[in-house]
Amino acid sequence: MADIKKIGASISAQFRNLNGVPPAQWPIVPRVMCGVGVTILVLVLGWYFYWSSQLEDLDRASAEEQTLKDAYKIKVQQAVNLEGLRKQKQQVGEYVATLEKQLPSKAEMDALLSDINQAGLGRGLQFELFKPGQVVVRDYYAELPIDIKVTGHYHDMASFASDIANLPRIVTLNKMSLVAGKDNSLTLDAVAKTFRYLDEEEIAAQRKADAAKKKGGKK
């Protein structure tokens with residue numbers, strides 16, 4: 001204990017009367033502690049003003065590198081699957097072309113309505129209602145709903161629905177309701193929907209309406 005006290009007293013004595021004495025002439029302990037303090041101060045200031053921003057830039061660069069790697073992997077996968085995607089695109093194009101052939105033009109709509117009517121009459125059904133509605137113009141096609149009400153026997157109704165499905169043009173039956181009547185007869189209420197191409201005037205009007213809608217949305 002006495003030795004420790006002597007060492008402590010000796011160190012303490014080295015810090016006395018340092019005012020006005022140049023640091024180069026200080027005793028060893030104050031000079032070492034001063035050097036350590038300056039070193040710590042330099043490290044703190046360097047971290048705050050320089051190294052911290054450098055590390056942030058490094059983190060950003062690392063994150064960007066990972067993003068680029070992920071994008072590269074995706075592009076490599078797309079390149080590997082490119083041939084398969086081209087085949088799928090070709091198949092989709094052929095399917096769309098097949099569906100387009102099933103859409104009549106505006107001039108062919110009257111013939112299609114007659115085919116629907118004849119499909120019912122050919123099965124011995126009685127039409128109580130056959131009323132084309134208002135044409136609904138979509139982006140690339142027009143939709144015509146037809147309110148129908150027919151009466152007949154069950155098998156004739158089923159055959160009629162099958163004939164509608166097998167028409168060369170697309171016709172769907174919607175909102176169907178069957179009501180049983182006398183003599184085992186049934187009454188079918190439904191909305192048949194047919195679809196057709198838009199003619200050039202309708203396409204121009206649709207594009208004009210879309211442009212006006214987009215222009216109005218920007219205001």
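Helices (H or I, at least four residues) and strands (E, at least two) are DSSP runs, numbered from the N terminus.

A quick word on the source: this is a predicted model, where local features need pLDDT of at least 70, side-chain atom pairs count only at pLDDT 80 or more, and totals for chains, interfaces and linings use all residues. Residues are numbered from 1 along each chain as its sequence is written, and side-chain values use heavy atoms, leaving out hydrogens and water.

On the buried side of H4 you'll find Met109, Leu112, Leu113, Ile116, Ala119 and Gly120. They cover an arc of only 115° around the axis (taken from the directions from the helix axis to the C-beta atoms), so they sit on the same side of H4. Among the elements covering them are E1, E3 and H5.

Now for H5: its buried residues are Met157, Phe160 and Ile164. These fall within an arc of 60° seen down the axis, so they line one face of the helix. Tyr154, His155 and Ala165 are exposed on the face turned away.

Here are both helix lengths, with the expected span being 1.5 Å times one less than the number of residues:

| Helix | Residues | Expected span | End-to-end C-alpha distance |
|---|---|---|---|
| H4 | 14 residues | 20 Å | 20 Å |

Notes: Buried means under 20% relative accessible area, exposed over 50%, partly exposed in between (1.4 Å probe, protein chains only). Contact means heavy atoms within 4.5 Å.
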